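This briefing covers strand pairing, helix packing and ring contacts. Please keep the sequence and the coordinates open while reading.

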Amino acid sequence: MKHTAIVASIALSILALLGNLGVAHAQADCKTLVKASPFGPDDQIGATNRVTPAVTKAAAAEIQTGAVISMAYNLVDGVPLFGTRFTKTILTSAALVPGAEYGKNKLTYMEDTYLSQSHVGTHIDGLGHIGIMDCYYNQTPMGKFVTQNSIKKLGLENLKTFATRGVVLDMVKVFQEAGKLKTNPACRTPCLDGGTVITDADIQAGLKMYNVTLREGDAVFLHTGWGDLFKQFPAQNAAYNTAEPGIGKAAAAWLAGQKVVAVGTDTWAVEVIPSEDTAEAFPVHATLLTDNGIHIIENVRTDLIAAEASSSKRATFFLSMTVPKAVGTTGTFVNIEAIR
């Protein structure tokens with residue numbers, strides 16, 4: 001019996017050692033595959049660390065007229081959805097039948113059940129959304145933090161504020177002025193066609209158009225015109241989801257170098273689809289989210305702010321966007337407003 005206990009003890013020790021080696025191996029892989037956060041080994045906040053009180057105060061100077069311009073689409077059943085994502089709204093009414101009212105004041109009420117995945121409509125990608133194998137932002141071995149209902153690390157509850165300066169860049173105008181605009185016949189207004197790569201040079205041309213220099217902590221929004229297909233739902237849902245114009249890997253790396261906190265577009269993935277290298281899956285997502293903690297905002301309504309910027313010759317605004325602190329989530333729908 002004593003011999004059996006010793007053997008069992010040795011076996012458990014070996015298993016524990018192998019487990020520790022496995023953890024160490026996973027951590028070593030993550031250090032190879034993903035960049036470390038510049039904000040420290042425990043960072044779960046990402047690029048919004050850069051939205052300091054000074055950044056918010058400087059951004060507040062953008063409020064000149066007080067005009068508020070919507071940059072989000074209505075959240076409604078039937079809009080284009082990526083892959084197998086779903087959304088369904090169900091209305092519950094109570095006491096509307098005569099005689100069933102509550103109290104002598106005849107009170108009635110209604111509520112909603114919204115059955116939906118989080119990455120639908122105008123939404124933000126959190127840091128727990130994209131990884132390289134098991135490695136997520138800040139070299140996090142995510143498999144250790146996944147449960148049936150949520151992630152225990154990198155959830156949206158860790159975000160700081162997005163009270164910062166927004167910059168809208170009109171890629172349609174950039175491509176028109178460069179004489180290289182190829183549009184899609186399904187777009188009712190000018191748009192960049194699916195598969196059009198937006199380069200860092202294109203982004204810099206958009207900045208030059210409005211004499212803007214990016215600042216640390218900015219949120220950048222690109223107008224490609226592709227959102228016109230979104231607005232035609234459900235008629236153009238297939239066309240909208242099949243491809244899209246978007247930034248390439250070089251542009252993503254350049255934006256990361258500018259230390260922005262978010263990149264948004266009027267498309268469903270921000271990056272060009274098909275990818276520049278069709279053997280790669282969403283490489284821009286990996287550059288922005290996984291390596292740099294920069295949030296991606298998809299299906300942004302950019303047409304109104306792009307038109308206003310063209311009229312006023314001013315591309316900057318105060319960004320009003322509140323992200324619910326939904327614990328352990330990888331993304332959520334958001335409302336975005338540009339305050340001029």
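A charge counts as sitting over a ring if NZ of Lys or CZ of Arg is within 6 Å of the ring centre and within 35 degrees of the ring normal. Lys180 lies over the face of Phe175, at 4.5 Å from the ring centre. The model is a predicted one.

- Strand S9 spans residues 219-223, and five of its five residues are buried.
- In a regular strand the side chains alternate between the two faces of the sheet.
- On one side of S9 are Ala219, Phe221 and His223, on the other Val220 and Leu222, and both faces are covered.
- Strand S7 (residues 164-170) runs parallel to S9 and is joined to S9 by five bridges.
- Strand S11 (residues 262-265) also pairs with S9 in the parallel sense, over four bridges.
- Phe221 of S9 is the bridge partner of Val168, and Phe221 also stands opposite Gly264 in S11.

**Helix H7**

- Helix H7 covers residues 249-257, and its residues Ala251, Ala252, Leu255 and Ala256 are buried.
- Viewed down the axis of H7, the buried residues fall within an arc of 140°, so they line one face of the helix.
- An α-helix has 3.6 residues a turn, so residues three or four places apart point the same way.
- The strands against which the buried residues of H7 pack include S8 (197-198), S9, S10 (246-247) and S11.
- These buried residues of H7 also pack against helices H4 (200-209) and H8 (283-292).
- Just after H7, Lys259 takes a positive phi of about 65°.

**Aromatic pairs**

- The structure holds eight aromatic pairs.
- One of them joins Trp268 and Phe282 edge-to-face, with 6.4 Å centre to centre and 75° between the planes.
- Both Trp268 and Phe282 lie in the loop between S11 and H8, so the pair ties together parts that are 14 residues apart in sequence.
- Trp268 has a relative accessible area of 8% and is buried, because buried means under 20%.
- Phe282 has 27% relative accessibility and counts as partly exposed, because this value lies between the limits of 20% and 50%.
- Tyr73, Phe230 and Tyr240 are linked into a cluster by ring pairs.

How values were computed:
Residues numbered from 1 in each chain as written. Predicted model: local features only at pLDDT ≥ 70, side-chain atom pairs only at ≥ 80, totals over all residues. Heavy atoms only, no water. Buried < 20%, exposed > 50% of the residue type's maximum accessible area, 1.4 Å probe, protein only. Helix = DSSP H or I, 4+ residues; strand = E, 2+ residues; numbered from the N terminus. Pairing = 2+ DSSP bridges. Arc of directions from axis to C-beta. Contact = heavy atoms within 4.5 Å. Phe/Tyr/Trp six-rings, centres within 6.5 Å; stacked < 30°, edge-to-face > 60°.
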